[in-house]
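Hi everyone, thanks for making time for this one. Let's have a look at the structure together, and I'll talk you through a few parts of it.

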Amino acid sequence: EAALVLAANGIKAYLFDELRPTPELSFTIRHLNCISGIIVTASHNPAKYNGYKVYGPDGCQAGPEMADAILSYINKTDIFSVELAEKDDANINIIPEKVIESFIETIYNKRVYANKDAVKNLSVVFTPLNGTGRMPVKRIMDKMGITDVHVVKEQEMPDGNFPTCSYPNPEYREALEKGLELLENVKSDILIAT
């Protein structure tokens, strides 16, 4: 819907083809030299923070000045008269796979061990905590040569209701309970949560 509003106002908009994590949005804003980015999110913070978040050209979340300017435009807008572009509008573009590959490659190039032998026997339990980190984290582990990966099934797929814990922030033990159970059962070396 945001892209349809932007396109109706002559603004070029890029869309991911599926749910993506916030760091990927930040990277893509900078990679495509966009003036801004929007993420509609089910926050891992309290549910009252769910919603529409705006990022600046630096890939960082809008600060108070930018947020106030956006809010002033929102307050001046009759939301019942907003025009929408057609879904096939020329101003709406799907983000190319080469941008996703650049994101993965950028992360891969930051790895600590360049030698795949260093991680070939590593066993990992991974939980995206019902967020959007599943795809990029699994792609990075595959690229690094980490093949013994056990994903917490109850927390694998994105779900803004976060059904397995009330506060799915990896800093809280409650969020990690399912991962810790799996870690104990399969005797992996490490638990990774996003």
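Let's start with helix 5, residues 134–144, which lies across strand 5 and strand 6. Helix 5 runs at about 170° to strand 5. Please keep in mind throughout that this is a predicted model.

Which residues of helix 5 are buried? They are Met-135, Pro-136, Val-137, Ile-140, Met-141 and Met-144. These buried residues pack against strand 5 and strand 6, and also against helix 2 and helix 4. Just after helix 5 comes Gly-145, with a positive phi of about 95°.

In what order do its strands come? The order is 6-5-7, in an open sheet of 3 strands with parallel pairing. Strand 6, residues 148–151, and strand 7, residues 190–193, each have a single partner strand, so they stand at the edges and one side of each has no neighbour in the sheet. On average, neighbouring strands here are turned by 25° against each other, ignoring direction.

If you follow strand 5, residues 123–127, you'll find 4 bridges joining it to strand 6, and the two run parallel. One spot to look for is Val-125, which stands opposite His-150 in strand 6. There is another helix on this sheet too: helix 6, residues 173–186, touches strand 5, strand 6 and strand 7. The direction of helix 6 makes about 155° with that of strand 7.

The buried residues in helix 2 are Glu-24, Leu-25, Ser-26, Phe-27, Thr-28 and Ile-29. What covers them? The cover includes strand 2 (37–41), strand 3, helix 4 (97–108) and helix 5.

I'd like to pick out Thr-28, which lies in helix 2, residues 22–31. Is Thr-28 buried or exposed? Its relative accessible area is 4%, and since anything under 20% counts as buried, Thr-28 is buried. Leaving out neighbours within four places in sequence, Thr-28 is in contact with Phe-16, Ile-95 and Val-99. Once helix 2 is over, look for Asn-33, just after it, which takes a positive phi of about 55°.

Next, a residue in strand 3, namely Tyr-52. Tyr-52 has 48% relative accessibility and counts as partly exposed, because that class runs between the 20% and 50% limits. Which residues does Tyr-52 touch, if we don't count those up to four places away in sequence? They are Ala-2, Ile-38, Ile-39 and Val-40. Take Val-40 from that list: Tyr-52 and Val-40 are 12 residues apart along the chain, and their C-alpha atoms are separated by 4.6 Å.

Helix 3 gives the most, with 4 residues.

Conventions:
Residues are numbered from 1 along each chain as its sequence is written. This is a predicted model: local features need pLDDT of at least 70, side-chain atom pairs count only at pLDDT 80 or more; totals for chains, interfaces and linings use all residues. Side-chain values use heavy atoms; hydrogens and water are left out. Two strands pair if DSSP finds at least two bridges between them. Axes are lines fitted to C-alpha atoms, for helices over the stretch in contact, and angles run from 0 to 180 degrees between N-to-C directions. Contact means heavy atoms within 4.5 Å. Buried means under 20% relative accessible area, exposed over 50%, partly exposed in between (1.4 Å probe, protein chains only).
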